[in-house]
Amino acid sequence: MPPGVSQERRANQLYLDVVEAVAFYHQYQRPVQTDEATGEQYVSATLRDVEAANALMGAVLATKADEITGACRRFLDAARAWMESEGRESFHAGEIRAALRLSPSRLKRYLWQLREYGLCEVAGGKRYGRGYEYRLTEAGRVGNQRAAVERFLADRLRSLREEERQLKAEEAAL
């Protein structure tokens with residue numbers, strides 16, 4: 001599992017279930033194998049099944065690895081995009097509320113959560129008047145968790161392919 005995934009064992013079982021479902025979906029395109037000890041027939045999952053499961057599970061595992069809620073993550077992504085389009089490094093709460101059309105209570109909740117997790121900080125301003133000015137921290141500017149999880153899954157798939165290649169080379173040498 002990618003680093004940071006909460007409930008790692010449950011997420012791993014979910015991932016394995018998806019790999020199994022993909023293999024089951026392709027069962028008629030695969031050779032049926034028989035277990036010599038029990039005589040039970042089965043279909044083996046392939047690396048293509050793992051690749052399909054990675055495509056399906058990338059967003060799910062990214063959500064499980066993210067500390068903030070999905071709604072707050074969407075707000076952060078929208079705020080980052082707004083700041084980039086406006087060429088700004090910081091924003092006032094009223095500006096971002098008007099630009100993203102949020103209620104004051106929702107904005108307050110999102111900003112509180114972002115400050116709690118160190119993704120946003122107060123850069124200046126005053127409580128009364130125009131309000132506080134907020135700036136995204138380095139962690140808040142990095143981007144979403146999904147890209148990191150997808151890179152992790154792609155790296156694991158690459159290492160599995162390398163192991164499979166080495167096994168085939170060893171079998172051929174025998």
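A residue is called buried when its relative accessible area is under 20%, exposed when that area is over 50%, and partly exposed in between, as computed with a 1.4 Å probe on protein chains only. The structure discussed here is a predicted model, in which local features need pLDDT of at least 70 and side-chain atom pairs count only at pLDDT 80 or more, while totals for chains, interfaces and linings use all residues. Residues are numbered from 1 along each chain as its sequence is written, and side-chain values use heavy atoms, with hydrogens and water left out.

Helices (H or I, at least four residues) and strands (E, at least two) are DSSP runs numbered from the N terminus. Helix α2 spans residues 47-65. Its buried residues are Leu47, Asp49, Val50, Ala53, Asn54, Met57, Gly58, Leu61, Ala62 and Ala65. An α-helix has 3.6 residues a turn, so residues three or four places apart point the same way. Although α2 has 19 residues, its end C-alpha atoms are only 24 Å apart, short of the 27 Å that a straight helix would reach; the expected span is 1.5 Å times one less than the number of residues. The helix also has a kink of about 50°, centred on Met57, where the bend at a residue is the angle between axes fitted to the seven residues ending there and the seven starting there.

Asp49 belongs to α2 and is buried, with a relative accessible area of 0%. Contact means heavy atoms within 4.5 Å. Not counting residues up to four places away in sequence, Asp49 touches Val19, Val22, Ala23, His26, Arg30 and Ser44. With Arg30 there is a side-chain polar contact of 2.8 Å; such a contact is a pair of N or O atoms within 3.5 Å, and within protein one must be able to donate a hydrogen and the other to accept it, residues adjacent in sequence counting only if both atoms are side-chain atoms. His26 is placed in the loop between α1 (8-25) and β1, and is partly exposed at 23%. The C-alpha atoms of His26 and Asp49 are 8.6 Å apart, although 23 residues separate the two in sequence.

Ser44 also meets Gln33, a residue of strand β1 (residues 33-34). The side chains of Gln33 and Ser44 make a polar contact of 2.7 Å. Gln33 is partly exposed, with a relative accessible area of 31%.

Two packed helices are described by the angle between their axes and the distance between the axes. Helices α3 (residues 70-86) and α5 (residues 104-116) pack at about 90°, with axes 10 Å apart. Axes are lines fitted to C-alpha atoms, for helices over the stretch in contact, and angles run from 0 to 180 degrees between N-to-C directions. The two helices are therefore roughly perpendicular, a term for angles of 65 to 115 degrees. At this packing, Ala71, Cys72, Phe75 and Leu76 of α3 meet Leu107, Tyr110, Leu111, Gln113 and Leu114 of α5.

Helix α4 (residues 93-100) contains Glu95, whose side chain joins that of Arg88 in a polar contact of 2.8 Å. In the loop between α4 and α5 lies Arg101, which is exposed at 75%. Most residues other than glycine have a negative phi. Arg101, not a glycine, has a positive phi of about 55°.

Key
Parallel < 35°, antiparallel > 145°, perpendicular 65-115°, else oblique.
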